[in-house]
Amino acid sequence: MALSETAGLHGPPIPKPPVHQQVLNSVPVAVAIYAIVVGLIVYGSFAGAQNMGYNWQWYRVPQYLYSFTDDGFQWGEISVGLVATIRLSILSFALATVLGLVVALLRLSGLVVGSAVAVAYLELIRNIPLLVLLYLFYYVLGPIFGLDRYVASILTLAVFHSALISEIFRAGINAVAVGQWEAAKSIGMSTGQAYRYIILPQSVRFMLPPMTGEMVHLIKSSAIVSVIAVAELTTIGRNIISDTYMSFEIWFTIAAVYMVVTLILSVGVSFLERKFTVDQ
Amino acid sequence: MSSQPIIEARNLDKFFGKFHALKDVSISVRQGERVVVCGPSGSGKSTLIRCFNALESHSSGTLVVDGIEVFEGSKDVRKLRQEVGMVFQQFNLFPHLTVLENLMIGPMKVRKVSRDQAERTARTYLDRVHIPEQAEKYPAQLSGGQQQRVAIARSLCMETRIMLFDEPTSALDPEMINEVLDVMVELAETGMTMVVVTHEMGFARKVADTMVFMEEGRIVEVAPPDQFFTAPSSDRCRMFLAQILEH
């Protein structure tokens, strides 16, 4: 790092990028191009909708987010759906994390049986489409074990994402230097104690970014449970549309709500991440 | 110094795959004895002392440390490691814990002593290694020499009976080597049993009771320092000493 800084200051000058790159990267040009591209897309879609004679009714959308009635402030259906989605995602993510940790530890256990079980589980989950997995849990395991649609959804999402999360754990654990294991062992810690007090706390900072990605991924894939009519954001969007026929407005709104949630999550975690690196 | 052996290794062999790292090594360390092990890199010095606290398991031979027989899969390994401290070349402090926490975590989690007791012990040993003022800092905020002194204190906090040092000054900048060696000399004066892998011959002359020279996985020479430095019996040892004592 220090080298590249000083190279420009004291060493030979850093070569300038080619002219076309300089022009394209200058602020006014870049902003203008960006605005034109976005403008064209927005104009194109609205023009297309206009051509098919679509009747925009944006004024009817806010009541599905919130409303003021005689009873005072009330959350709309979409907001209720959002809460349901968040609840579903948090429960699934918690379970996926536990499952993922168990699978990762099995794989790292050094036991042949342990890693065989873990690898078989990973390959099985990775090679079944999420939708088929959901059908398996709801239509096959559901009747056998008496799972209702909500439990089946949570299990599906948890199992599906546990495969990826276990890989995140494995990479995070392996990223901690071997010397940390040796130091922990040499003061007499058991493997369990070494994981708990020394290895996992240090893995967190390697795991935080990919885990956020996984949480975002899970929130998005939770939309799939709308096919078995679990009441969450996407299902509620479908219901509103079947009542009102406002498919354009509602799908735009639903998409925006998902985006807002996942963006807030990403920004929040990158803030956390920075705090973590400062602390160490 | 009692004549009771506290480490007794007989005919140790160690293979890493096909590589023969220790060849028929026998050595005995008495309680309170200070042994300095030297030799060219790859001669098996580190492997040998890592066997002493079961960080490596020997392939054949017998090893008894502090009355505990060491072998692969032994249930007593954790008990053994509580008696045998290890100081590493790369310090291996726990970067997510403060200096004080680094010293307290072993006693608290392994020996199950109370937090108060652990903190008192930790502060005592931080005093002993002359850095009481760094207690609340994180390892990354300390210099290499300070980190290594914390690592020594971390081992001492476990109230170990034997201390192993695996090239404790090799990763340090030259101006920091002495502060670490000074602490080790003071430790030697307390009567601690020490096995030190190092090339610091000044330190060896000052504290060693016994010098051990290794080459290619074998112990080539075992002698008291006077004899070792003035009249080594093997040619290879003489050449090695000539090379490292040249400057």
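Residues count from 1 along each chain as its sequence is written, while chains are lettered from A in the order in which they are written. Because this is a prediction, local features need pLDDT of at least 70 and side-chain atom pairs count only at pLDDT 80 or more, whereas totals for chains, interfaces and linings use all residues; side-chain values use heavy atoms, leaving out hydrogens and water.

**Stop one.** Select B:A122, in helix α4 (residues 115-128) of chain B; helices here are DSSP runs of H or I with at least four residues, and strands are E runs of at least two. B:A122 counts as buried, at 0% relative accessibility (buried is under 20% relative accessible area, exposed over 50%, partly exposed in between, using a 1.4 Å probe and protein chains only). Now show B:L100, B:L103, B:M104 and B:C157, which B:A122 touches, not counting residues up to four places away in sequence (contact is heavy atoms within 4.5 Å).

**Stop two.** Jump to B:D209 and B:R34, joined by a salt bridge with the closest N and O atoms 3.4 Å apart (a side-chain nitrogen of Lys or Arg within 4 Å of a carboxyl oxygen of Asp or Glu). This pair links distant parts of the chain, 175 residues apart. B:D209 is partly exposed at 23%, but B:R34 is buried at 19%.

**Stop three.** Pick B:R238 and B:D235, whose side chains meet in a salt bridge (3.0 Å, N to O). They're 3 residues apart in helix α9 (residues 235-245) of chain B, so about one helical turn separates them.

**Last stop.** In chain A, select A:R107, A:E123, A:R126, A:E167 and A:R170, linked in a network of salt bridges.
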